[in-house]
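Subject: Structure for you to look at

Hello,

Here is the structure I promised to pass on. Please open it and keep it beside you as you read.

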Amino acid sequence: MKLFENFFSLSIDVKVNIVLCILSFFLAVISICIVIISIRQNNKLLESSSRPYISAFLSDQSENIVLTIKNFGNSSAYITSFTSTADFAKLSLDKNIIPFQNFKGSVLAPGQAVSCSFKYRDLADEYDSFTLKITYSSDFSSKRKFHNKNYINEIVINVKAFRELFHIGSNVKPGTELKNI
């Protein structure tokens with residue numbers, strides 16, 4: 001109470017100066033809070049616009065189907081883990097090569113894609129769908145002070161949905177190849 005009594009006993013110009021000082025302090029605190037919120041929001045936007053985005057898709061190539069894994073982002077992606085529910089060893093065109101077996105530890109530059117080809121009928125007969133789980137990061141060094149985030153992307157490849165979209169050529173009888181062309 002004595003504080004308020006002293007305040008009211010002051011001259012009007014001193015009272016105004018005290019009120020202005022208090023208001024200035026609160027405005028400075030509010031400004032600092034707004035700056036901190038803005039910086040955090042800008043960091044999220046910057047990360048979102050510059051991070052790697054890895055996805056996978058199917059495309060057709062004659063009687064084969066091509067599985068492509070591509071980095072659609074704006075920075076390189078370091079693959080830390082790659083798993084699939086499909087058995088690529090059974091589906092491989094060359095039985096000595098297992099696609100994506102050593103994909104862990106690879107780097108995909110922005111816009112870079114890697115692909116492998118399978119016989120469409122083998123894939124369609126074996127799987128209606130399969131899932132790829134890709135864990136990746138844009139951080140290439142464990143010595144860096146600030147580590148970038150790890151990203152996990154689970155992609156369901158729905159082979160059944162593509163059955164109607166891929167054209168598989170008819171079986172050509174020997175001797176009629178030119179006629180079919």
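This is a predicted model: local features need pLDDT of at least 70, side-chain atom pairs count only at pLDDT 80 or more; totals for chains, interfaces and linings use all residues.

The fold. The protein has six helices and seven strands. Starting at the N terminus, their order is α-α-β-β-β-α-β-β-α-β-β-α-α. Look at the contacts between residues at least 6 apart in sequence: 68% of them join residues at least 24 apart.

The surface. The protein has 181 residues, and 25% of them count as buried.

The core. In soluble globular proteins, nonpolar side chains tend to be buried together. Here, the largest nonpolar core holds 29 residues. L67, I69, F82, F88, F130, L132 and I157 touch the most other members. Several elements give two or more residues to this core, including β1 (54–61), β2 (64–71), β3 (77–84) and α3 (88–91). The largest share, four residues, comes from β6.

Now pick out F88. Which residues does F88 touch, leaving aside those up to four places away in sequence? They are L67, F82, I98, P99, F100, F118, F130 and L132.

The loop residue. F100 sits in the loop between α3 and β4 (107–108). Its phi is positive, about 65°, although F100 is not a glycine. Is F100 buried or exposed? Its relative accessibility is 14%, so F100 counts as buried; the cut-off is under 20%.

Best wishes

How values were computed. Residues are numbered from 1 along each chain as its sequence is written. Side-chain values use heavy atoms; hydrogens and water are left out. Buried means under 20% relative accessible area, exposed over 50%, partly exposed in between (1.4 Å probe, protein chains only). Contact means heavy atoms within 4.5 Å. A nonpolar core is a set of buried Ala, Val, Leu, Ile, Met, Phe, Trp, Tyr and Cys residues joined through side-chain atoms within 4.5 Å.
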